[in-house]
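Please keep the sequence and the model in view while reading.

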Amino acid sequence: MTTPLLSGIRAGADDLSVWPASATRLPHGGLAVGGVSLAEVAERFDTPVYLLDEGEVRERARTYRDAFPGTEVLYAAKAFLCRAMVRWVREEGLGLDVCSAGELELAVTAGFPPERIVLHGNAKSPRDLAAALRLGVGRIVIDGPSEIARIAAAVGPGSRQKVMVRVVPGVCAGGHDKIRTGTDDQKFGLSLTDGGAQHAIARVLGQPRLELTGLHCHIGSQITGVKPYLVAVRRMVGLMARVRDAHGLVLPELDMGGGHGIAYRPGEPALDLAELARRMRAELSGGCAAAGLAVPRLLIEPGRAVVGPAGVALYRVLSVKLTGEKVFVAVDGGMSDNPRPALYGVRYAPRLVGRTSAAGTRPATVVGRHCEAGDVLAADVELPGDVRPGDLLAVPVAGAYQLSMASGYNLVGRPAVVAVHGGSARVLVRRETLEDFRNRDVGT
């Protein structure tokens, strides 16, 4: 399988460069993923519907494992989680990074070993912490001073809970202001510059029921360059050296988070994973040698880069409207199943599938069905000039942060998730129905 994760964009990339490696053209404008026709999936499972290419998810997990030998690779569940995804991640040898009791309990009840799970989050609820301690998660990432005493008090007599401290290293990186988490002007972590991280470390070391295994750092999301990670590693190693000097403790672990950027449209950059692995290891080993530290075990937390390119969203066109000089193509989904364009201005490359068009292309804006002017899925994209109601549009790179952020807006209902692999398709998550909404509505 070709692995664009390693090279950014496949050599000689055509307009399928951001699609799963299994994507193949069919006659009459058709397209297949995982050996299954997209048009067939739409007919069989209705639309909107999300496909996940199981083979692509597994191959990307293996790519991480191979690129980072000796590293604990944790899949970031917030990107997308279901029971099948839990199984794929477990079978491919990855750990799991969760940020709620819901994600944690789904994973454990689906058979994932709790000792291979890390819980983090900036505002963990009592239920989150109770579930983590009851189920025996491997580590809890401390995000703020108040969590130290809360976690220590909740640990049972005679027990110890492994924890890490999330450090803000003062590195600005990420594809949008709303997903940059390495600087002091956001809600996550403890600052390196104002001494908050150092003070928290000292407090953790004073708690006999907490075992500090290392430091955690996540500088942002959708990062396509290696340099910010190297700066962050350098600063984290410096802090580890100060911990050794102040407390006589050599921390055995360093979690550098995720945020590895992918291409959403042909020609866009993606993080070069091979370069990241090579240079991050070199920076870590060189920095530790200079500081006289043993090299800690490295942890990383990819989510988007594992599942994002494995997903495809399918929509039916409901209407085509010409307003002035602008063409609006409205589909049967929208911001309730993909809020990312409204949140971050994300750009996608939708494609007409299921029929051949002889018409030339023209700029069009693909919009959703919801009562918001900002319900735009893809602005100013090239679509055939004869696109019409009933047509099928496919949006690649739809596996991450779409359904996981989906809502019940307008009571439209969240789409089904269908796995494709080896020429067969099966439902992983069924479509949300009106009956589901009625069952939750218990008032009179």
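What percentage of the 444 residues of the protein chain count as buried? The figure is 55%, where buried means under 20% relative accessible area, exposed over 50%, and partly exposed in between (1.4 Å probe, protein chains only).

## Basis of the values

This is a predicted model: local features need pLDDT of at least 70, side-chain atom pairs count only at pLDDT 80 or more, and totals for chains, interfaces and linings use all residues. Residues are numbered from 1 along each chain as its sequence is written, and side-chain values use heavy atoms, with hydrogens and water left out.

## Overall form

The protein chain holds 13 helices and 21 strands. These are DSSP runs numbered from the N terminus: helices are H or I with at least four residues, strands E with at least two. The C-alpha atoms fill a box of roughly 70 × 60 × 45 Å along the principal axes.

Among contacts (heavy atoms within 4.5 Å) with a separation of 6 or more, 69% join residues 24 or more positions apart.

## Surface and charge

The accessible surface of the protein chain is about 17800 Å², and 52% of this belongs to carbon and sulfur atoms. Areas come from the Shrake-Rupley method with a 1.4 Å probe; for residues, only the protein chains shown count as cover.

There are 52 positive and 46 negative side chains. Lys and Arg count as positive and Asp and Glu as negative; His and the chain ends are not counted. The centres of the two sets lie 2 Å apart, with each charge placed at NZ of Lys, CZ of Arg, CG of Asp or CD of Glu.

Strand 14 (residues 311-323) pairs with strand 15 (residues 326-331) in the antiparallel sense, over six bridges. Pairing requires that DSSP finds at least two bridges between two strands. Lys 321 stands opposite Phe 328 in strand 15. The hairpin of strand 14 and strand 15 has two residues between the strands, and Gly 324 takes a positive phi near 65° there.

Strand 15 also runs parallel to strand 17, joined by three bridges. Here Ala 330 stands opposite Val 367.

## Ala 364

Ala 364 sits in strand 17 (residues 361-367). Ala 364 counts as buried because its relative accessibility is 3%. Beyond neighbours within four places in sequence, its contacts include Val 327, Val 329 and Leu 383. Gly 385 is 21 residues from Ala 364 in sequence and 8.8 Å away in space, C-alpha to C-alpha.
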